[in-house]
Amino acid sequence: MSDGDVAIVSAKDDNKDATSGGVNRDRRYFLIQATSAVAAVGVLGAAWPFVKYWTPSAKARAAGAPVKIDFSKLVPGEMLSPIVAWRGKPIFVVWRDNQAIESLKSDTSDLADPDSLNPDQQPEFAVNAWRSVKPEIGVYLGICTHLGCSPKYVLTDNFEASGQGGFFCPCHGSKFDLAGRVVKGVPAPDNLQVPPYRFVSDTVIVIGEEGTA
Ligand code: FES
């Protein structure tokens, strides 16, 4: 008998064993698989309401998503327009000229919190005279810290002693310098908030993320 004949006989024996005793092994295997599949669907069905409950909607994710701002068309002395919103709040991006940068270091006597001592108002990277990553580029939430109006960007000579301009809130007259620092004696209690942000190039920032470019 050749090796090929042995192989054929063994296959037939296996098939016979599978049907011996009235039990078809293939059918039993099929039933086990089908039962497992039904059980898995049941578990998935029970878990789905919880998965759905804990997964934020696309709208909610978009509302909190980082926002990229390209300010390549901004020139020194201007604020970016149109204003971009992040989490429903306006983001002010200003390009300060050299004179303004120098003034922010020295003209601090009229300010309520010139050294940004309130840690709620800016990330650690913005605790400096400009309250920003780069001295020339200021990035602030355009929300007055009094009752939430949106201040206006002003560059009038008499806005403050230094004449550099800043942000003026028309609702109740609060003033902030070009680093968003609140002037003493106005209704607003705090400096404008600095959002988390990072540079991805010299003229593009991402609001809502921190880190180096
Ligand atoms: S909301 Fe800005 S001064 Fe009152």
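What covers the buried residues of helix 4 includes strand 7. The model is predicted: local features need pLDDT of at least 70, side-chain atom pairs count only at pLDDT 80 or more, and totals for chains, interfaces and linings use all residues. Residues are numbered from 1 along each chain as its sequence is written. The chain has four helices and nine strands. Both are DSSP runs numbered from the N terminus: helices are H or I with at least four residues, strands are E with at least two.

**Overall layout**

- From the N terminus, the element order is α-α-α-β-β-β-α-β-β-β-β-β-β.
- Of the 213 residues, 24% count as buried.
- Buried means 20 or more other C-beta atoms within 10 Å of the residue's own; exposed means 12 or fewer; partly exposed lies in between, with C-beta atoms placed from the backbone.
- Among contacts with a separation of 6 or more, 52% come from residues 24 or more positions apart.
- A contact requires C-beta atoms, placed from the backbone, to lie within 7 Å.

**Helix 4**

- Ala-100, Ser-103 and Leu-104 are buried in helix 4.
- These residues cover an arc of only 105 degrees around the axis, so they sit on the same side of helix 4.
- The arc is taken over the directions from the helix axis to the C-beta atoms.
- An α-helix has 3.6 residues a turn, so residues three or four places apart point the same way.
- Exposed Asn-98 and Ser-106 are on the face of helix 4 turned away from its buried side.

**Nonpolar core**

- The largest nonpolar core has 28 residues.
- Such a core is a set of buried Ala, Val, Leu, Ile, Met, Phe, Trp, Tyr and Cys residues joined through C-beta atoms within 7 Å.
- Ile-91, Phe-92, Val-93, Val-139 and Tyr-140 have the most contacts inside the largest core.
- Strand 3 (89-95), helix 4 (98-106), strand 4 (137-141) and strand 9 each supply at least two residues of this core.
- Tyr-140 touches Phe-92, Gly-180, Leu-192, Gln-193 and Val-194, leaving aside residues up to four places away in sequence.

**Sheet 5-6-7**

- Three strands form an open antiparallel sheet in the order 5-6-7.
- Strand 5 (152-154) and strand 7 are the edge strands, each pairing on one side only.
- Neighbouring strands are turned by 30 degrees against each other on average, direction ignored.
- Axes here are lines fitted to C-alpha atoms, for helices over the stretch in contact; angles run from 0 to 180 degrees between N-to-C directions.
- Strand 5 and strand 6 (residues 166-168) pair antiparallel over three bridges.
- Pairing requires at least two DSSP bridges between two strands.
- Lys-152 stands opposite Phe-168 in strand 6.

**Phe-167**

- Phe-167 is found in strand 6.
- Phe-167 is buried because 28 other C-beta atoms lie within 10 Å.
- Excluding residues up to four places away in sequence, Phe-167 touches Pro-151, Lys-152, Tyr-153, Phe-176, Gly-180 and Leu-192.
- Phe-167 and Leu-178 are 11 residues apart along the chain, with their C-alpha atoms separated by 6.8 Å.

- Val-183 lies in the loop between strand 7 (175-177) and strand 8 (197-201).
- Val-183 counts as partly exposed because it has 19 C-beta neighbours inside 10 Å.
- Val-183 and Thr-108 are 75 residues apart in sequence, yet 9.0 Å apart in space, C-alpha to C-alpha.
- Strand 8 and strand 9 (residues 204-207) run antiparallel and are joined by four bridges.
- A hairpin through two residues joins strand 8 to strand 9.
- Tyr-197 stands opposite Ile-207 in strand 9.

Terms used:
Two residues are in contact if their C-beta atoms, placed from the backbone, lie within 7 Å.
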